[in-house]
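Okay, everyone, thanks for coming.

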Amino acid sequence: MKKVPIAPRPGWQAFAESVGFQFHTIDNEPYWDESAYYQFSLAQIEDDLETPTEQLHQMALDLIPDIVSSEQQLSQLGIPQQFWDAVKESWQRAEPHLYGRMDFAYDGKGPAKLLELNYDTPTSLYETGFFQWVWLEDQQMRGVLPEGADQFNSLQDKLEQAFAELPLPRPFYFSSVTESQEDKGTVDYLMDIALQSGLDSRYIQLEQIGDIDGQLVDLEGYPIQGLFKLYPWEFMLQEEFASTILSSDTRFLEPLWKLLLSNKGILPLLWQKYQGHPNLLPAFFDDGKTALNPGWVRKPLFSREGANVELITPQGEKLQQGGPYTDSGYVRQAFAPLPRFGDSYTLIGSWVVGDLAAGIGIREDNSLITKDSSRFLPHIILD
Amino acid sequence: MQKKVFKRSRKAALIFMVPAATLVLQGCGSEQAVEAQVFNTPDECAAFYNPPAQCQAAFAEAQALHPQVAPKYANKQECEADFGVGRCETAPEQHAQGSFFMPMMMGFLAGQMLNRGGMAPQQQQSAAAAGGRNTVPNQPLYKARDDQSTFRTAGNTPVASQPGPTQVRPSAVQPKPATLARRGGFGAQAQQRAAAAPRQTTYGG
């Protein structure tokens, strides 16, 4: 694994905008960064990332039957009691799930360490599945990268296959928060793939979803029987239509049981069951009050994009990221340093579609906590 | 010879996010208009060479749909402003100050007359069998105060200016429940948290 500088494609910004990638630059800061790429060997990809991803995914799924039948664990994970039955039923009915992303600390040597599961509303999908794929094709076409270079990125193929095969109601609705251009981009990409696979796909703004007699409805009052929502379950369960989730005849992507895996509380539960596993870091439930020791990271059960994460390196350096996720419990996880390449710290997001590993996306940040201001860099496989 | 196994997608195409491709998509998917019939009464329907029993059935379906799909008004004046004096009636729903009002049914659209003379029955049946939004449901029709010659659906789509056969796009004439949905029940957390962290650009992660 190494980082290699490369000339950005001339005019890539205009191309990006022409294919729906409006958020390549966020608040005048670059988000898509093609001034360098990461290079992996095939063995690094297959042995250190692909195989562990599928194994960890299966280990996490194996925890669910115990969790849904344990009031103690459901409480520890901060699941509101009135939804315990619904979570359990969504699991027992085997409601289909689409995708997720694991974040790893990995430097090319030794086992990748699982930092967390983003299993409810993972983003950076378009950047991974489409834009870095096109980047590689372009750079090969220009003769800048060798023909033999490959990429660990079957994301779009696998998503298309999933949409074609999953038992989803039709029409199927896709929804995101109105104000977020980035989320709309992610949802547009998923809808595009769903359309290509033949699914009758429609968009509705999350705030425009209606409720008639306990049934979620679209703008015209038709029942919404299938809904992809790029919006956290833990938010939805606190909002006005929370009770409609229980009464509405609606299949959700991700299904409600994914709330258990997108939860940072899955990390201590994984550690309890598989203590010492090479890809796991020691993790424990935390009261959020006691002082953190050097070499530990504290995260809220529910948080996104590095918000409200607190960290002390083994050398005693303290880092704290503010944010809006202060209303849940916490976990404490052993610190695993992100590898440093130049001035940046590098995080690997490893995608899962259905139950298969489907590729990686790489993000860099100037800090040890990867945030929404981080940059996305492409990668190649070349031995 | 061993074939190289790639770790990346065979293709990564977009059809919907790319504006030029969207045009093509719309071209391919453009909807065919289908034939339906418009009548004032079931007797008039039968006079157009249709089986009287089917005319009665279509009329009854339209009548049953009428209170569900007709536009609702909080008072009679607002309703009559749109549909004309003496052309509104009490709706089944109540609100705190009294009844809702809705326009009277002024005719009906018959979408699935099966054995009409002169038309191939298989064609009609296959359209009906396709179900969903490709067919034209039997439904009530209305007339606006300032345009008494045009039959309109409850959704205000004009369908004909005289009784008899007409061409309609099925998607434009799907009856919609006029029940008022509650909206805005999702998204409040995003609002609150955006206020706490204004730079946050995603609710994914």
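So, there's a bend of about 30° in helix 5 of chain A, and it sits at A:Phe131. Keep in mind that this is a predicted model. Helix 5 of chain A covers residues 125-141, so to speak, 17 residues in total. From first C-alpha to last it reaches 24 Å, close to the 24 Å expected at 1.5 Å a residue.

How many of its 17 residues are buried? The count is 12, leaving helix 5 of chain A mostly covered. Just past the end of helix 5 of chain A, A:Gly143 has a positive phi of about 80°.

Now, the packing. Helix 5 of chain A packs against helix 7 of chain A, residues 181-196, at an angle of about 55°, and their axes are 9 Å apart. That angle is why helix 5 of chain A counts as oblique to helix 7 of chain A. The crossing of the two is left-handed. On the helix 5 side, A:Leu125, A:Tyr126 and A:Phe130 do the meeting; on the helix 7 side, it's A:Gly185, A:Thr186 and A:Tyr189.

Last bit: chain B. The contact draws 60 residues from chain A and 36 residues from chain B. Elements of chain A giving two or more residues to that side include helix 5 and helix 7. Helix 7 of chain A gives the most, with 9 residues.

Technical notes: Residues numbered from 1 in each chain as written. Chains lettered and ligands numbered in written order. Predicted model: local features only at pLDDT ≥ 70, side-chain atom pairs only at ≥ 80, totals over all residues. Helix = DSSP H or I, 4+ residues; strand = E, 2+ residues; numbered from the N terminus. Expected span 1.5 Å × (residues − 1). Bend = angle between axes of the 7 residues up to and from the residue. Buried ≥ 20, exposed ≤ 12 C-beta atoms within 10 Å, placed from the backbone. Axes fitted to C-alpha atoms, helices over the stretch in contact; angles between N-to-C directions. Parallel < 35°, antiparallel > 145°, perpendicular 65-115°, else oblique. Left-handed = near helix turned anticlockwise from the far one by under 90°. Contact = placed C-beta atoms within 7 Å.
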